[in-house]
Amino acid sequence: MARVSVRRANIARLAAGAVALAYGLTALAVARGPGALTTYAGQSDLAAALAVVAGLALVVAGVATSFARPDGRIGDLALLAGFVWFAPFWAGWNGGPPLILSLGTLAAGFAVPLLVHLVLAYPSGRLRSRGARVLVAAVYLEAALSALGRALFRDPFFDPSCWENCTANVFLVRSLPRVAHGIQDTDLWFAAATAAALTSVCVWRLARASRQTRRTLWPVLTGGFVLAAVTIAHSVALDRMPLEDPTDPAFVSIFVVGCVAVIDLALGLLWAVASARLQRRSVARIVAQLGDAPAPGSLESALAKAIGDPELRIAYWLPASRRYVDARGRPVEEPLATSSRAVTPLVRGGRRVAVVAHATGIAELEREIGPAVRLALENERLQAEVLAQLHDLRESRTRIVETGDTERRRLERDLHDGAQQRLLALSYDLRAAGAASEGEGDLETASLLGQATGDARIALGELRELAQGIHPAILTEAGLGPALATLAEAAPVAVEIGETPGERYPAPVETAAYFVVAEAIDDAARRGASYAAVGALRHEQRLVVKLADDGSARTSEMIHVADRVGALGGRLEIEPTTLRAEIPCA
Amino acid sequence: MRVVVADDVMLTREGIVRLLEDAGVDVVAQAADAESLLREVRLKRPDAAIVDIRMPPTHSDEGLVAAQRIRTDHPEVGVLVLSQYVEPSYAMRLLEEHPERVGYLLKQRVFDAAVLVDALRRIDDGETVVDPTIVARLLGRRRRQDPLAELTAREREVLGLLAEGLSNRAIADRLFVTERTVEAHVKQVFLKLALELNPESHRRVLAVLAYLRDERSS
């Protein structure tokens, strides 16, 4: 449905363009013929050529923009401005039909309001700031009131400054020359004020815009600036010389520059259409450039390059976990629109695939991204989803190991503060009881108690070893170096500790490194080794733990060690009698 | 002898206090954390402080830190650190700065009144006390080329007692030999192990422990 109505609107615009062409050329004929004395176009060939080019450029730009952006108002505004642009031609028709002359005079007043609206609404077609909305409304209102006042009260025969239509005003109700003159003065200074306001709004927009937006704004806004300058010059000139004489060089130059400004504006619109087309083509080419197996994130950089916005970011939507991730599956914040960043949701098959955050001023990104790019986006989204799951899995694996280690530390502390203390107290009581029995001469009981004391001491020793095996307190308190030294002193094989890091690492890293060595030494002992060399050294962002022994070839896969190292994103290399673990430590 | 006892576990602390009082030692103050321990030592000026290695707030090495503070601030006060860890590095840390008048004993041993009181007396005499279990672990460590194999059984025994911090006289008493014989053994041990320190020096405990822990001797 939407497509049909778009097509219909485009046909209407094309027709309007054709009509405008005929109408513009007819207007030229009028200006060169019967209006020769009262129009700039009639007075100079250059003015004529520029005036016609300017009007037709607006029409062409309007139609082209409409085709490129069927939903925007910019094309229609340009088309309408093109029509109104020729109004003075008709108004200056000496001896022409009074109705046409009167209508021409009224319509001519709307050329500047339409152009102001066009500049301010560019590129989206909407007036985004309050200032712009107020300005455009005021300009239209003033033009309407002025037109109404002039139609009702201005009798051209009583107007000494009349040159354009000294023949007729069919709407005249009552001739009030003073009122008419007042309206003309008001128009003059209102136009100058509008021009100043337009300039400041445009400067403000440029100042706030991102680099990307500025690039889109410039071509059209320069036209706006020149137009504003010309309007002010025109007001000043009219104030000094109340008679607007199309042969006066000052007025002619103002007219010529005005035409150039309008041509510039129209060219700016055409340039925008052309660059949008180029951009769409380069976006469409992305997929071909990506190849069969693009690396995660290459779509983002390709799109950023095609659009010309290095800050462009794609956030993929994962419906299952209801969050956004980047191409590598890392969680990202939901992109939000700001004054300089726009957010375009991309949908495929009715489902949200991703959200693109880009510079404002890249209009219609949603439309620019064709089906092929959308498919590529969906592929990358799936890849990102898998990577995100992998990431989650890795994190949960790390958490499991860390939880285990925390539990081990707690267990060790509980043993130390609980069971060990109670056993100590018990052995004290046993000893005291033994001493008492001995004092009373009950040697049998004393001997039994003495034996119990010995048992308690053995239990204490075993408990101590157990606690040490669960989690060595020295590892937490003094770090890997001292803990490995202690491990070596109690090891069942001769262990030589080479270099160990003096610095401390996060607890999970130290614990992993410690248990890698502990398990590897046990494994070496099981394989009949008499000697093991251990070294731990930081290599860039990794803690590298190495172990070599003189035992028989390894048969165990060292699953525990591999799990522990893997949980921290590290790597384990196992050879028959050597082992090397790399644990990320930064 | 006047001592201060510091241990955050009341059960253990009171056990130690009763044991000491039964043995005729005057316990002048008790403390449950390092801060009150340091205050009591400052106020009571005891002959020695018995300090649990693990005390609040972090239950890590507060006792060890407090012990070092006491040795620095009050050189005349001896310190006996009690620990549940057979951890030579802790013992070394304690001895490193002030090797005299300090001791590191495993906690389970202190319920033997004779051991505890003997340790206190040795500390009071200016000696060093290192728990035999720690020394045994260091001596028993597996070594690839064991320089200790060069020692005779008696020399090994002397080395162990040296490491425990005994004076030549105490070693002589323990082994039922003359002090002269002990001196000869000590010289021999130092010679065989290529230890350069003067065997008479009071820092020899530290030297022997360091030697036994040293990688190159394994």
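Which residue takes a positive phi just after helix 12 of chain A? In this predicted model, the residue is A:Gly308, with a phi of about 80 degrees.

Chain A as a whole comprises 19 helices and 10 strands. Of its 586 residues, 40% are buried. When contacts in chain A between residues at least 6 apart in sequence are considered, 66% of them join residues at least 24 apart.

A further packing arrangement within chain A involves helix 7 (residues 111-121) and helix 9 (residues 177-208), whose axes are 11 Å apart and form an angle of about 10 degrees. Helix 7 and helix 9 of chain A are therefore roughly parallel to each other, an angle under 35 degrees being counted as such. On the side of helix 7 of chain A, the contact involves A:Val112, A:Val116, A:Val119 and A:Leu120; these meet A:Ala191, A:Thr194, A:Leu198, A:Val201 and A:Cys202 in helix 9 of chain A. By class, this contact of helix 7 with helix 9 has 8 nonpolar residues, 1 polar residue and no charged residues.

The contact between the two chains takes 28 residues from chain A and 25 residues from chain B. On the side of chain B that touches chain A, two or more residues are given by each of helix 1 (10-22), helix 4 (88-97) and helix 6 (132-140) of chain B. Helix 1 of chain B provides the largest share of that side, with 4 residues. In terms of class, the residues of the side of chain B that touches chain A comprise 10 charged, 8 nonpolar and 7 polar.

Across the two chains, helix 1 of chain B packs with helix 14 (residues 371-440) of chain A; their axes come within 9 Å and cross at roughly 25 degrees. The two helices are therefore roughly parallel to each other, and their crossing is left-handed. From helix 14 of chain A, A:Gln421, A:Leu424, A:Ala425 and A:Tyr428 meet B:Leu11, B:Thr12, B:Gly15 and B:Leu19 in helix 1 of chain B. The residues of this contact between helix 14 of chain A and helix 1 of chain B divide into 5 nonpolar and 3 polar, with no charged residues.

Within chain B, helix 4 packs with helix 3 (residues 62-73), the axes coming within 9 Å and crossing at roughly 15 degrees. Helix 3 and helix 4 of chain B are therefore roughly parallel to each other, and their crossing is right-handed. The contact is formed by B:Leu64, B:Ala67, B:Gln68 and B:Arg71 of helix 3 together with B:Tyr90, B:Arg93, B:Leu94 and B:Glu97 of helix 4. This contact of helix 3 with helix 4 of chain B has 4 nonpolar, 1 polar and 3 charged residues.

Helix 4 of chain B also contains B:Pro88. B:Pro88 counts as buried because 27 C-beta neighbours lie inside 10 Å. Neighbours within four places in sequence being left aside, B:Pro88 is in contact with A:Glu489 of chain A and with B:Ile134, B:Arg137, B:Leu138, B:Leu209 and B:Arg213 of chain B. The C-alpha atoms of B:Pro88 and B:Ala210 are separated by 9.7 Å, although the two residues are 122 residues apart along the chain.

Two arginines of chain B were examined for their backbone geometry. B:Arg101, in the loop between helix 4 and strand 5 (102-106) of chain B, has a positive phi of about 60 degrees although it is not a glycine. B:Arg45, in the loop between helix 2 (34-44) and strand 3 (48-52) of chain B, likewise has a positive phi, near 45 degrees, and is a residue other than glycine. B:Arg101 counts as buried, with 24 C-beta neighbours inside 10 Å, whereas B:Arg45 is partly exposed, with 13 other C-beta atoms within 10 Å.

Key
Residues numbered from 1 in each chain as written. Chains lettered and ligands numbered in written order. Predicted model: local features only at pLDDT ≥ 70, side-chain atom pairs only at ≥ 80, totals over all residues. Contact = placed C-beta atoms within 7 Å. Nonpolar A, V, L, I, M, F, W, Y, C, P; charged D, E, K, R; others polar. Axes fitted to C-alpha atoms, helices over the stretch in contact; angles between N-to-C directions. Parallel < 35°, antiparallel > 145°, perpendicular 65-115°, else oblique. Left-handed = near helix turned anticlockwise from the far one by under 90°. Buried ≥ 20, exposed ≤ 12 C-beta atoms within 10 Å, placed from the backbone.
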